[in-house]
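Please keep the structure in view while reading.

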Amino acid sequence: MGDAKTIPLLPKPPEDNKTIPPPSKPSEDKKNTSPLPKPSEDTKTIPPPSKPPESKMAVAQCVGDPFTQRRKITPATEPEDEEEGGPGKEAVWQRRLSLLFVPPTDTELDGDKEPEETSQLLPHSSPKPLVIKVTPASPSIRQTRNRGQKRGVKEKRGDNREKRRDSKERGDSKDNREEKRTDSREEIKNTKENRESKESRRKDSEERKKQKTDFLKPRQSRILFLDEKNKREEEEEDSDDILHFGRWGKVGDESRSSSSVETSEEEEGGVDDYTSWDDTICSNRSAYFKMYYTQRGIIGGGRGEDKDSNKLKASLASSHNSLSSLIKERMGKSSGPGDKKKTRGDLGLMVLVGVLFVIIVVGISLTTYFYNLHLLELSIFNRIKFYETPRHLTIYSPAWEEMMTAHLGSNLPPHSIPEDCTHYLHYLHEHNYSLPHSHHQHLDEDLENAEMICLDWTGLAQLQLWKHPSQGDVQCYSVWWTGLAEHFTLKDCLLMGQKHGTWWGGGEMTAGGYPLTNANIPLARMVTGKLGRDPWGQLLRHTWLSNTSALLKLPEDFHGDVSVNEHNDNQVCLEARPNPTTEPESATMRYSLCVASNLTSLIQHLHQEAIHKRQIVTESAKSLVQHVFRRVNGSMLTDGKQRHGVLREVFNEEVVVRVKERLKHPVWIPWMTPDDPELTQDAVLAYAENILSQKYGLWGHILLPATWQAQPGDLEFDPRRFPDPTSLAQTLEKKGFRLALTIHPFVSVEASAFNAGTQEGLWVRQKDSNLPALATYDERHPSVVTDFSNPRAKQWFSSQLNHINLTYSVNRFHLQPADAHALPVFHEYHMNLPGPDSALIHFMAAVSSVSPPISTEGTVTPPLPPTFLSLGTGDGSWAGLETLIPRVLTLATLGYPLVDIGPVGGLARAGHVPERELYIRWLEAATFLPAIQISVLPDIYDEEVVKLAREYAQIRETMVLPRYNDMVPAAITEGTPLVTPLALFAPSDPEAAEVGDEWMVGKDLLVAPITHRRERSRDIYLPDGIWKDEIDGHLRRGGRWIRNYKVPLTKTPHFTLKPIDEFSS
C-alpha cells in the first residue's frame, strides 16, 4: 500500500461561487468511512465529496472583456493576484483546465513528481489539489458518475429552460440566436432521449457487473485525469454522439456537440452544466476559446506570448480539430436522414472525382508511353519498324500484318539508344573510301542499288541494315553486325510461336524438330554431324521459314553458333564471338531476312538460290543439264551478266527417267546373316535371287556398302571377296538390277594411294602445314580426307571412278561424305572455302563428272537431280521411326524435292533384325514416301509380313506412284517438294502449320501413319474439304481433328480429298 500512486483532484466550487479555501488536513485518528480501503500512514485522505451544487452560473455573469478575463490565468511560475479572478471564476477555469489537460502516457508517469507537476499547471490563487490514493481495491470513479446520471439529466432540463427565459427577458440578440440553436438541439436531443435512456440503463447494468468483476482484479496504480476519463467515456458512447470540432454552423452538429458535453457533465454527478456556455465567448465552443485554450497541454494567451503567436497556435489547433472531425464524420454513422442523403451525395462525388482522376492519369500515361514509343521507333524501308529500347526489328506485310520479329543485340545494355551513322557511311562511299565489311566483295557490287541504314552503339557494336532489290514478290534485307569492343559477343534471336508464326527448317535434327517449337538444340556451330552423336545431322540448310511467308537464312561463311528453342523460349538465336585467329579479331555476324506474299514464292526463291550455288556441279554434268537465263522486263547487262533475270535449268529426258525409276524401285542393301556376316560376291547374288523369289515385282539398284574396297579409299574391289566384279555387274543387270557402290572421301593410311597422294598434296592439310590432317573412318581406320577444293585431287578422284566405270561397267554411286566433325579443328583446304561444309559441293561435282550420284547422305545445298537425299539413320529403333516424318517434312520445306528415307526398319548391320512391329510400321509409312531402301527382307519374319509387303507394294503402285510421277517435272525444274507438308497444302490454316506427322501426296492424298510402339489409335487433322476414308470408305468433313481414330497394326490411315462437284447433284 505504501507504493501506491496518488491522484490530484480539483476541489468542487461552493454553492455561493466563492473562493474555495485549501482543505484542512484530516486527523489521523479519525475513522475512515469511505468505501476505499484504509490508506497507509504516509498517505492523506479526504472526506467523501459533498453534494453537487444545484445553482449554475448564469450567462449574464460572463461579462466584460474575455481577453482580460482569460489573461488572468497565467502559468504557475508567475504570481497572480487572487482578487483579479473575481467570484466564481475558479470553478470555470478549473473545469476547463481539466478538459484541456493532456494526460501523460504510462511510461511518463512519475509518482513522486505528479503532485508538484500538477500544481505548476494551476494559478497561485487556486487551492492546493487534494491527493487521493488509488489502490487495486478502490472503486472506480465511474461509480459516482453512474449513480448521479439520472438526477443530472433532470436538473439540466430545468436549468436550460431557466437560461432561455433569462436570455429572452434581457433581449440580447446574441442570446436570441443562442436560444434558437439551443431549441434546435433540444428538439433533436428529445427524439433521441428515449432510445438513449434504454441504452444507458443497459450500459449501466453491464458496467456495474464489470466493476464488480474488475474490483477484485489487481490493477496497476496510475493517475486518473479528468480529460482521460472523459476520453474513455466518449469512446464508449455511440458514434452519433462524438463531439465534432470545427463544424459550428449546422444544427445537427451543434446538437451532437451539446449533447456530448451535457452527457459528460451528467456523468460527473452534480458538476456545473456546460451547455449554458455553448457558443459564448466564455465557452470552449467560441472562437475566442479556440484561439487561446485549444492548444494541447498549453494554457494559451500568456503574458510572454504575442498576439501573432497565439493566432498561429489557434489556427493550427482549429485545423487539426476540423480535419479530425471531418474524418470522424466520414467514418462514423449518420445521425439523421439528411446526413445519410448528404453522405451518399458526398460518396458519389468522391467516386466521380476518383474515376476522373484515374482517367486523367491513364490518359497521361498512355500519351506519354506512345509518345516515347514513337520517339524510339524507327521506320525503315517502309516495311520495317525498329524499336530502339527493346531493339525489336519487325517486318510487316503490305497490309501491315506482322510477318516476323527479331530481337537484335540481346547482349547490349538495356535501354541503350544508338546513334545514326548512315550519313557517315554514305560519305565514305561517295568519296571512294573503303566501307566497313568491305571483305564481302559480292555485296559491294550491289551498293549502288541497295538502301542502307546504320546504327551505332558507341564502343560496343555497329549495325547495318541493307535492302536488296526485290526478286519478284520476295523482298530480302541483310543484317550486318560488327563488334567494336574487344570481348563483346553479338547475339540476335528470332521470335517464334503465338503471334510470331510457326517456323520450320534448319535440317536434320536428332529430336526431329518439326515445327521448331518441338526441337531443343543447344548453342553450337551449325555444321554437319551424325544423328545421335551431334545435335545436327548431315542434311542441313542454313535456312528457316514460317507460315507467315518469312525467311531467315545464313551465309556459307557464317562462323557463329546457333541454338533452337534451347530453353523452351521459342527462339532461334545466332551468336558470334571474337575470334583471335581471324582478321578482324572483333566479332562479326551477317544474315538475311526475306518476306514474300506466300510460301510458294519462298520455295521458288530458295530454288533459285540452289541453282546458283550448284553451278559448279552443273558444269561437271553438262550432258544432263543446261543453264538458261530468262529475262525479266528485258533487262540484260552489257557485260553479259544477268542481273535482274531468272536462271533456269533445263534437263534432258534421261534425268526424268532416272528420277521416276528411283521412285518406282527401292535401293536394295544386302543384309548378311549372323552365320555368314562377310560381304562377298556370292552373297550379293544370293540376295538378288531371294528378292526375285518373293515376287514383289520390284527391281532397282543393289547398293554395296563401303566395305567393297580392300582398304577405305582404295577405290578398287577387294580381289579376295569380289574376284570378278565385271561378272557381278553383268549378272545383276540380267536379273533387272543395277550395281551401285558407296564411296566416300576418306583414304586409309594403309591404302595404296596414301603415299602418292601425300606427295601430291591431295589431302586436307593441317593448318599452316604441308602435312595431312589425320581423321578416323568408321571409328577403326586412321585416314586422311581428300581435298576436293584442289583441282588435282578432284581430277585424281574422277579418274578413279572412270576406271571403275570403264573396267567393271559400274557408274551408279552413293555418296557418304565426311561430316564437319570428322576433321581436326585446325585444318585447311587448298582453296579458301567459306565454311567447313563448303567442300561437299566439290565432292559432288567430282562424282557428277563421271555420273550423277543416285543419292547422298550429306549436303548443305539441294543436289542436282537425279540425286536424292538419303536420310541418315542408326540401328533400327522406334526413336528413328518417330523422328522420320518430322525430318522428311523439314527437308521438304527447305526446298529439297527428292528425298530417300533410308532402309526400312533402320540400318541393318550384320546379325541385327528389327522387331516385327517396328518393321511393319516402318514399311507402312515408307509406302507413301518418295524413295525407300530395303535391307532386311520381309520373309525373315513370317508369311503374314510377306503378304502385307505385297499388299502395300500394290497400294504404292496404284495410288502413290501416279501422283508422284505427275509431280516430277515441277520438282526437277522448280524445286517443288514431292512430299507436301500440310503447312504448304493449306498455308492459311494455322492448325495445319503445327501438324508434324502427316503429309500430302499430290493434291488429294493425305497420309497419317502410326509411328509409336503399341499404338492402335491416334488423332488426325483433316484440312478443309470432304475427305474419303480409304480404310472404311466413309466420308468425313475437314477443318477439324478426328480424335482417337482406331488403327489396326496392318493398316495405315490415308484419306483422299473429294471435289465438291461430286456432291453438287
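Two strands count as paired if DSSP finds at least two bridges between them. In this predicted model, 3 strands form an open sheet in the order 24-27-26, with antiparallel pairing. Strand 24 (746-748) and strand 26 (775-777) stand at the edges with a single partner strand each, so one side of each has no neighbour in the sheet. On average, neighbouring strands of this sheet are turned by 55° against each other, direction ignored.

Strand 24 and strand 27 (residues 781-785) run antiparallel and are joined by 3 bridges. Within this pairing, V747 stands opposite V784 in strand 27.

## The barrel and a helix across it

The chain also contains a closed barrel of 8 strands, in the order 21-22-23-28-30-31-32-33, and the pairing there is parallel. One of its pairings is between strand 30 (residues 855-856) and strand 31 (residues 868-870), which run parallel and are joined by 2 bridges. S855 has F868 in strand 31 as its bridge partner.

Helix 16 (residues 653-664) lies across several strands, including strand 22 (700-704), strand 23 (737-743), strand 31 and strand 33 (931-934). Helix 16 runs at about 50° to strand 33. R662 lies over the face of F868, at 5.3 Å from the ring centre.

## A buried helix

Is helix 23 enclosed or open to the outside? The count used here takes a residue as buried when its relative accessible area is under 20%. In helix 23 (residues 884-893), 10 of the 10 residues are buried, so the helix is largely enclosed by the rest of the structure. Among them are R887 and T890, as well as L884, I885, V888 and L889.

An α-helix has 3.6 residues a turn, so residues three or four places apart point the same way. Just after helix 23, G895 takes a positive phi of about 90°.

## Aromatic rings

A search of the whole structure finds 18 aromatic pairs. W708 and F717 have ring centres 4.8 Å apart and planes at 55°, so this pair is tilted. W708 is buried, with a relative accessible area of 0%, and F717 counts as buried at 6% relative accessibility.

F746 and Y777 form another tilted pair, because their ring centres are 5.3 Å apart and their planes are at 40°. F746 lies in strand 24 and Y777 in strand 26, so the pair ties together parts that are 31 residues apart in sequence. F746 is buried, with a relative accessible area of 6%, and Y777 counts as buried at 13%.

Ring pairs also link W763, F788, W796, F797 and F843 into a cluster. A charge over a ring is found at Y396, where K385 lies over the face at 5.9 Å from the ring centre.

## The chain as a whole

The chain has 26 helices and 41 strands. Of its 1065 residues, 50% are buried. What share of the contacts with a separation of 6 or more comes from residues 24 or more positions apart? Such residues account for 70% of those contacts.

The accessible surface of the chain comes to about 52,200 Å². Carbon and sulfur atoms make up 53% of that surface.

Terms used
Residues are numbered from 1 along each chain as its sequence is written. This is a predicted model: local features need pLDDT of at least 70, side-chain atom pairs count only at pLDDT 80 or more; totals for chains, interfaces and linings use all residues. Side-chain values use heavy atoms; hydrogens and water are left out. Helices (H or I, at least four residues) and strands (E, at least two) are DSSP runs, numbered from the N terminus. Axes are lines fitted to C-alpha atoms, for helices over the stretch in contact, and angles run from 0 to 180 degrees between N-to-C directions. Buried means under 20% relative accessible area, exposed over 50%, partly exposed in between (1.4 Å probe, protein chains only). Contact means heavy atoms within 4.5 Å. Rings of Phe, Tyr and Trp (its six-membered ring) pair if their centres lie within 6.5 Å; planes under 30 degrees apart count as stacked, over 60 as edge-to-face and the rest as tilted. A charge sits over a ring if NZ of Lys or CZ of Arg is within 6 Å of the ring centre and within 35 degrees of the ring normal. Accessible areas come from the Shrake-Rupley method with a 1.4 Å probe; for residues, only the protein chains shown count as cover.
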